[in-house]
Amino acid sequence: MTLVTNLGAASGLPLATLLSSITVSENQPLTAMSNQQSAYNAKLSAYGIIQNALSTLQVAAAQLGNPALFQNVTATAGTTSVLSATATTTAGIGNYAINVSQLAQAHSLATAGVASTTAAVGSGTVTLQFGSISGGTLDPASGKYSGATFTADSTRAAASITIDSSNNTLVGIRDAINKNTALGVTASIVNDGSNTPNRLVLTSTQTGATSTMKISVSGDAALSNLLSNDPAGTQNLQQTVEGKNAQMTVNGIAVTSASNTVKEAVQGVTMTLTGTGASSLSLQSNTATVQAAISNFVTTYNSLQTLTKQYTAFNTAAQTQAPLTGDATLRNIQTRIRDTMNTPQPPSGSGAPLTMLAQIGVTFQADGTMAIDSTKLTSALTTNLSGVQNLFSSTSGATGFGSTMSTLLTGFTASNGPLKSATDGLNSSLKTLATQMTSTQSLISTTIARYTKQFTDLDTLIAGMNQTSSYLTQQFAALNDTSSK
């Protein structure tokens, strides 16, 4: 409220100073409420920061509580020119001898040469079907079979294209084939340098013996003579590449694959074949990932401890406290976390039983933070990974430090958890306080306005009396002067 700064000027009384002192006194309850409001807001802010830290710790704990973390396997090929490999969580630890004798190939056919790529060839319907060739003999020079049998692949439907005046050139046929992806074939034109150099080359988009092409033509003779090809009958095209399966052995066991990407020949492993020859395949646990997850948990736990100390500190020299000094909610959260971390886990599963974090080199320090003995942790991961897994995570996900901590921390930050209850209480208090402050401010304003009016009236009254006194004094002085003459 704006004070009347010239109050008392007329009367000479210190009315402005007196009104200022009264205003300060009347504002004391409002000041106390404002301080309380600031304290509540600081507490809310601190709760928000603590909640974020708890959520981060929960994510780190959940990672350790996930059994898949401990099933992380790294696949390493001994000869990278032969194969590369990746492993999933279902892969087991072990070493394998791989020998690749043949890579998978895509079937390829070439037409007889034509003089021009833009001259009309013929029209009709071209139908492609995939299957496998058995028996018979292949003439390497002509690229044609005699006495062979073609067996259609029942899992792949035949597909057709129409050749008419809009696409009946070699270029047009090529483009029509490439536009129709349902055919499962790519087409290109190769110039072999002869008098009729232009040859249409068709290549299956899939590798394997069952991706051998059979081409049927219904239409004029010219188109049929160019494209019709039955491995068990009339063959107007030359086979330039035979459709083949990949052939390999895994620890001496024969394996055949239509693709050079071989899945599940070793459980949980995908091998990509890049050459023929022998190679070892090593599947080892990726303990580095587990170690990083444990280190991350310890780091996030220590960050929470640092924040907790910051927000519960008390400065003895200045006699000031942090927003959450003595806060029961945070103290209860700290106690429950520490109790959970110090409660032995029931031994389960395979491997040497581990029940406490200290057994793998994770210990509490005097200041409440955690530390890792890297040598001890590395040894535990190398020699007893299954025991470490059981320490943090069971198959059911119900026990283990990671699982139990994740559940506990989720409860703290849940919509019905202690932090939510505490913040709801603070917000309710802030709302009530805001109402009280508005009411108090109104009362103070009314009181100061009353005092201001009273002091103004008093100032006016005293000023008038002073003027009367001065006038009378002058009159008496004048009378005395007259009587003395």
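The largest cavity is lined by His107, Leu109, Ile133, Gly143, Tyr145, Met213, Asn229, Pro231, Gln235, Leu237 and Gln239. The volume of this largest cavity in the predicted model is about 50 Å³. A count of cavities of 30 Å³ or more gives 1. In the lining of the largest cavity, 6 residues are nonpolar and 5 are polar, and no charged residue is present.

The largest pocket has a volume of about 150 Å³. Its lining consists of Gln36, Ala39, Tyr40, Ala42, Lys43, Gln321, Ala322, Pro323 and Thr325. Helix H1 (residues 15–65) provides 5 of the residues that line the largest pocket, the largest share. By class, the pocket lining divides into 5 nonpolar residues, 3 polar and 1 charged.

Helix packing was examined next. Two packed helices are described by the angle between their axes and the distance between the axes. For H1 and H4, the packing angle is about 165° and the axes are 9 Å apart. Since angles over 145 degrees count as roughly antiparallel, H1 is roughly antiparallel to H4. The crossing of H1 and H4 is left-handed. On the H1 side, the contact is made by Ala46, Ile49, Ile50, Ala53, Leu54, Thr56, Leu57, Ala60, Ala61, Gln63 and Leu64. On the H4 side, the contributing residues are Ala293, Ile294, Asn296, Phe297, Thr300, Tyr301, Leu304, Leu307, Thr308 and Tyr311. The contact of H1 with H4 comprises 16 nonpolar and 5 polar residues, with no charged residue.

Leu307 lies in helix H4. The C-alpha atoms of Leu307 and Asp220 are separated by 85 Å, and the two residues are 87 residues apart along the chain.

Helix H4 (residues 287–312) also packs with helix H5 (residues 328–342), their axes coming within 12 Å and crossing at roughly 150°. H4 and H5 are therefore roughly antiparallel to each other. The crossing of H4 and H5 is left-handed. From H4, the residues in this contact are Phe297, Tyr301, Leu304, Gln305, Thr308 and Thr312. From H5, they are Leu330, Gln334, Ile337, Arg338 and Met341. In the contact of H4 with H5, the residues divide into 6 nonpolar, 4 polar and 1 charged.

Notes. Residues numbered from 1 in each chain as written. Predicted model: local features only at pLDDT ≥ 70, side-chain atom pairs only at ≥ 80, totals over all residues. Heavy atoms only, no water. 1 Å grid on protein atoms, 1.4 Å probe; cavity = no way out; pocket = protein on both sides within 12 Å on 5 of 7 lines; lining within 4 Å. Points joined across faces, edges and corners; volume = space filled by probe spheres on them. Nonpolar A, V, L, I, M, F, W, Y, C, P; charged D, E, K, R; others polar. Axes fitted to C-alpha atoms, helices over the stretch in contact; angles between N-to-C directions. Helix = DSSP H or I, 4+ residues; strand = E, 2+ residues; numbered from the N terminus. Parallel < 35°, antiparallel > 145°, perpendicular 65-115°, else oblique. Left-handed = near helix turned anticlockwise from the far one by under 90°. Contact = heavy atoms within 4.5 Å.
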